[in-house]
Structures are given as structure tokens and as C-alpha cells.
Amino acid sequence: MKPATPEKQENLVKKYAMQTMYGRIFDRLDQLTGGIVEFAQGEHQHLKIENMGFMPLSIECIGLNRIAMAHNYIMNGDVVPDPDMEILIHPGTFMAESLTYQDAFGYLEVYANGERTKYYPDRKTKLNSFLDIWTKNIRDQSFIKLAEELRANADGRNETK
């Protein structure tokens, strides 16, 4: 039996990833950004999508393979996250996972240390389940479609209404 080609191996990894919530999150972020791996590895990458009837969605590269994604609103002159999540992209496995969650009521981290060797199992499950649902809602609320239109009409600005 011949060994699988790199392309075939990559397709198998993608197929497996899509069967997990981490793969679904990666796929939706990939659609939203037009290529999450490139987006999460670029300096000064940001995207703001305004969608009538919903809070604006902001996505920003905050480090190698790390993005922040947030809905924010203004209350008494302060910007309030609803929510704001830090997400780690795993390019080789086509998966993405939540690192942090923040809203008006608090801040949660999945990992107990900076090396990501110790984590809170319950929190990891809950935050990634939330991120899976949130990215599905983002898709269902047409943010992905608006982001695609933004890229198609790119004129040097990264904002749309």
C-alpha cells in the first residue's frame, strides 16, 4: 500500500476536524476571515463588520495564531464586551479553541498556566461549546456573507455597514 500524499493526509485531517466542535469553530472563522490561518498570522489584521439589528462584530489578530473576537456596546460612555473571546488557532489540525471569555459580569480563562499544560475541564467544555454556538449564530446572522462582500469590495478599509 502506498503512503498517502500530503494533500490526501491534509484532507483526512480536515475531515476529522469537521466532526468536532473545534473543527466547526475553525471552519466558521475561516469563512468569516477569508482564511483564518493567514489572518491569525498577519500583523495588524483586523475586521469590523456592522450588521443592521446586531452589535458590530470585531475580529483582530493579537499574536501568532491568536485572535480576539467581540461584540461590544457602549454603556455610560464605556465600551462593554458582550462577549469578548480570545481564540487560539491550530493551523496544522484545522481546529480553534477558546482561551478566554469576558463580558460585563466577569473574565474566565480556560488554562491555569501560560504553557497551556493545565486547564479547567468544565470551563474548557463550556467556553468552547459557547464559541461553537456563537460562531454558528454569527453565520446564521449573515456576518459571514457581509464579510465576504467586504472582501469583494475591498478598497483599503476593513469596515462595512
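Student: Which residues in α2 meet α5?
Tutor: Arg28, Gln31, Leu32 and Thr33 do, and they meet Phe143, Ile144, Ala147 and Arg151 in α5. Contact means heavy atoms within 4.5 Å. By class, this contact has four nonpolar, two polar and two charged residues. Nonpolar covers Ala, Val, Leu, Ile, Met, Phe, Trp, Tyr, Cys and Pro; charged covers Asp, Glu, Lys and Arg; the others, Gly among them, count as polar.

Student: What kind of model is this, and how is it numbered?
Tutor: It is a predicted model: local features need pLDDT of at least 70, side-chain atom pairs count only at pLDDT 80 or more, and totals for chains, interfaces and linings use all residues. Residues are numbered from 1 along each chain as its sequence is written, and side-chain values use heavy atoms, with hydrogens and water left out.

Student: And the element names?
Tutor: Helices (H or I, at least four residues) and strands (E, at least two) are DSSP runs, numbered from the N terminus.

Student: Back to the helices. At what angle do α2 and α5 cross?
Tutor: At roughly 35°, and their axes come within 7 Å. Axes are lines fitted to C-alpha atoms, for helices over the stretch in contact, and angles run from 0 to 180 degrees between N-to-C directions.

Student: How far apart are the axes of α2 and α4?
Tutor: 9 Å, with an angle of about 35°. Helix α2 covers residues 21-33 and helix α4 covers residues 121-140. The crossing is left-handed. That term applies if the near helix is turned anticlockwise from the far one by less than a right angle.

Student: Which residues of α2 are in that contact?
Tutor: Met21, Tyr22, Arg24, Ile25, Arg28, Leu29 and Leu32 on the α2 side. Their partners in α4 include Lys124, Asn128, Leu131, Asp132 and Ile138. By class, this contact has seven nonpolar, four polar and six charged residues.

Student: How many residues are in the largest nonpolar core?
Tutor: It has 34 residues. Those with the most contacts inside it are Leu29, Leu32, Ile67, Met69, Ile87 and Ile89. Helix α5 (residues 143-152) gives the most to this core, with five residues. A nonpolar core is a set of buried Ala, Val, Leu, Ile, Met, Phe, Trp, Tyr and Cys residues joined through side-chain atoms within 4.5 Å. Buried means under 20% relative accessible area, exposed over 50%, partly exposed in between, with a 1.4 Å probe and protein chains only.

Student: What is Leu29 in contact with?
Tutor: Leaving aside neighbours within four places in sequence, Leu29 is in contact with Ile36, Ile67, Met69, Ile87, Ile89, Ala96 and Thr135.

Student: On to the strands. How many bridges do β3 and β4 have?
Tutor: Nine, in the antiparallel sense. β2 and β3 are also antiparallel, over six bridges. Two strands pair if DSSP finds at least two bridges between them. Met69 is the bridge partner of Ile59, and Met85 in β4 is the bridge partner of Met69.

Student: What about β4 and β5?
Tutor: They pair in the antiparallel sense over seven bridges. His90 stands opposite Met95 in β5. Four residues lie between the strands in that hairpin, where Phe94 takes a positive phi near 55°.

Student: Why is β5 largely enclosed?
Tutor: Eight of its nine residues (95-103) are buried, so the rest of the structure largely encloses β5. It also pairs with β6 (residues 106-109), antiparallel over four bridges.

Student: Where is Asn65, and is it buried or exposed?
Tutor: Asn65 is in the loop between β2 and β3. It counts as buried, at 15% relative accessibility. Its phi is positive, about 60°, although it is not a glycine.

Student: And Ser142?
Tutor: Ser142 is in the loop between α4 and α5. Its phi is near 75°, and it is partly exposed, at 33% relative accessible area.

Student: Which residues does the cis peptide bond join?
Tutor: Asp82 and Pro83, with omega about -10°. Pro83 is found in strand β4. Most residues other than glycine have a negative phi, and most peptide bonds are trans.
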